[in-house]
Each structure stands twice: as C-alpha cells, then as structure tokens.
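Please read the following note with the sequence and the model side by side.

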Amino acid sequence: MNNIYLSKYASAVENALKLKPTDDVYGDIEKLRPDGYIELPIDTSILDKHNLFRKYMNLVETDTADGVLTINTSASLPVVVDEDNKAFVEDESTAELRYKAYKLGLIVKAKGSTVNDLKINMTDYLRKTLSKRYGKAEEKLILNGTGVKEPLGLLNYDLGCVSVPEITYDSVIDLFFSLDKDYRDEAIFITNDETALKLRKLKDDSVNYLWNNADSTILGKKVIISNYMANPSKPLLFGNFTYLTFLLRERIAVKVLKELYLENGDIGYASKERLDFKLTEVNACKVLILESLENNQN
C-alpha cells in the first residue's frame with residue numbers, strides 16, 4: 001500500500017470513528033472486516049512501556065484461532081569432527097505447545113462534543129489510550145492469569161523456587177544462582193514497590209548494599225517494578241523472559257457503537273485483542289517463595 005493510499009486509509013479510519021462519510025476508495029470502512037471492527041495503528045512504544053514483558057518476550061503473530069506451536073528444545077553443541085566428515089547432526093528435540101485465542105475486550109465512551117471537535121484526532125486518542133490500557137492488561141494477565149478461561153500466568157506456573165522464611169541478602173543470592181547460567185545471562189528481576197523497598201535496604205556483613213542505586217540492578221541484573229506482582233507469598237521473580245512466547249492472534253481493533261450510548265450524548269468504541277502466551281522453558285524462570293505466607297494461603 002503506497003503513501004497515498006495509506007493517507008486515504010488513515011483519513012477513512014478517522015471519519016469512521018467520527019461517524020462521518022468516508023472516501024469512495026474505502027466506502028464503509030467498517031465493512032472491510034466481517035466483524036465490523038477497524039484495526040488501529042497502535043503505538044508499540046506505549047505497549048512496551050505499560051507491558052514490561054513486551055521488551056523481552058518472543059512475539060509471534062498468527063492468523064489461526066488455536067493450534068499447536070512447535071518449539072525446538074535441542075541444546076546440542078558443535079563438536080570437533082574430521083575434515084572429511086560431515087558436521088554433527090543434533091538430536092531432533094521439540095516440544096508442542098497448544099495455544100488458544102483468548103479475547104481481551106473493553107468499551108470506551110466519549111462525549112459526542114469531543115468526537116465532533118475538529119481539533120481532536122480520535123484515531124490518535126484511541127490509539128494512545130487503548131495501547132496503555134491493553135499493555136497493562138497484558139502484563140497483569142502474564143503474571144496472574146489463572147489458566148481457567150484465560151492463559152496461565154507466571155505466578156501460577158509450577159516454577160523452580162527458593163523457599164525462605166523472609167527476604168534476606170543471602171536468599172536473593174540463592175535465587176540468583178538457582179537459575180542456570182545459560183538462562184541467567186539475559187535474566188531480570190521482577191518485583192513490586194513494597195519488596196523493592198526491602199531489597200534496597202539489604203546489606204552484607206561489610207555493610208555493602210545489595211541494590212545498585214546507580215542503575216537499579218542486583219548482581220548486575222536489572223530490577224523491574226510491576227504493580228501486578230500482587231501475590232505476597234511470591235514477591236520476586238528472576239528469569240529469562242525471551243522464553244515467554246506471546247501469541248498475538250488479533251491486534252487491537254475498534255468497532256464504533258453508533259447508537260448504544262447516543263441517548264446520553266456519548267459514542268461507544270468497543271475494542272478487542274486476541275492473544276495467548278506460554279513459558280516455553282519453565283527452567284528459565286525462578287521464584288522466591290516466603291514460606292510463612294505460602295503456608296497461610298494453603
């Protein structure tokens with residue numbers, strides 16, 4: 001699609017969002033898709049900001065509603081061979097992960113006066129607000145998904161763990177080294193504000209702080225804060241999240257609800273996204289468990 005048609009498409013989207021006639025090139029743009037939704041030019045930088053995993057995870061886009069993703073799990077290394085011999089052929093080792101297309105949905109309402117304001121670009125407004133909200137929803141789901149009619153979140157996976165009575169300098173060191181070095185090189189810590197405060201105060205016997213204030217790292221690994229690390233018995237994750245495969249079945253799209261809210265002078269915008277995600281290597285992530293809180297939950 002050349003620049004002229006891209007410009008016309010953008011104009012057609014804006015007109016559709018404002019309930020105005022559109023260019024003849026596209027006619028009724030909402031009818032381009034059978035479900036009447038319009039795909040927005042989502043700002044991935046906003047999604048990256050509000051879903052911490054988007055910077056690290058493996059994003060795969062697929063057109064199928066559900067199916068099987070085949071992952072190569074072989075870790076064979078090259079070996080020394082004679083000059084005249086063929087190279088070593090690795091053992092074929094794969095894992096099959098079945099995925100679905102879970103739907104995230106949200107209806108946003110806007111005042112008719114706002115929609116009709118010539119100075120307001122509705123495409124830009126919806127793009128920004130939905131990128132932010134869906135980014136947050138994705139992060140929350142990746143951490144806390146129950147696995148019942150929704151994906152299974154990391155905090156509900158059966159991960160390897162370090163179980164301790166309380167968070168100490170030594171317990172964080174133990175968590176760090178519990179992760180195999182092959183995964184540790186690209187690993188990050190994920191925690192919440194409350195736990196981060198405790199981590200910042202931890203010192204060794206020589207009164208050296210565990211947390212490096214200069215770059216917010218522990219043992220050279222970045223510490224990321226998430227408001228959705230909400231399980232008090234699992235306050236700290238440490239893992240390589242390039243092994244988190246995020247399957248995007250459908251990008252964020254919007255449908256104009258032309259009549260539903262007109263009685264109150266509002267216009268509704270139904271939005272949706274379809275996705276699934278899997279941790280393809282459970283050994284790539286470890287969790288710190290507080291024994292007393294874990295026992296109370298059980």
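1. Helices (H or I, at least four residues) and strands (E, at least two) are DSSP runs, numbered from the N terminus. By this rule Tyr9 lies in helix H1 (residues 3-17). The model is a predicted one: local features need pLDDT of at least 70, side-chain atom pairs count only at pLDDT 80 or more, and totals for chains, interfaces and linings use all residues. Residues are numbered from 1 along each chain as its sequence is written, and side-chain values use heavy atoms, with hydrogens and water left out.

2. The protein chain as a whole contains eight helices and 14 strands. Of its 298 residues, 44% are buried, where buried means under 20% relative accessible area, exposed over 50%, and partly exposed in between (1.4 Å probe, protein chains only). The chain exposes about 16900 Å², of which carbon and sulfur atoms supply 48%; accessible areas come from the Shrake-Rupley method with a 1.4 Å probe, and for residues only the protein chains shown count as cover.

3. Contact means heavy atoms within 4.5 Å. Among contacts between residues at least 6 apart in sequence, 76% join residues at least 24 apart.

4. Tyr9 is partly exposed, with a relative accessible area of 24%. Its C-alpha atom is separated by 8.6 Å from that of Ile29, 20 residues apart along the chain.

5. Helix H4 (residues 122-144) has 23 residues. From its first C-alpha to its last it reaches 32 Å, close to the 33 Å expected at 1.5 Å a residue; the expected span is 1.5 Å times one less than the number of residues. At the start of H4, a side-chain oxygen of Asn121 comes to within 3.1 Å of the backbone nitrogen of Thr123.

6. Seven strands form an open sheet with mixed pairing, in the order S6-S14-S11-S7-S10-S9-S8. Its edge strands, S6 (160-164) and S8 (211-212), each pair on one side only. Two strands pair if DSSP finds at least two bridges between them. S6 and strand S14 (residues 285-290) pair in the parallel sense over five bridges, and Cys161 stands opposite Val287 in S14.

Note on methods. Polar contact = N/O pair within 3.5 Å; in protein donor to acceptor, adjacent residues only side chain to side chain.
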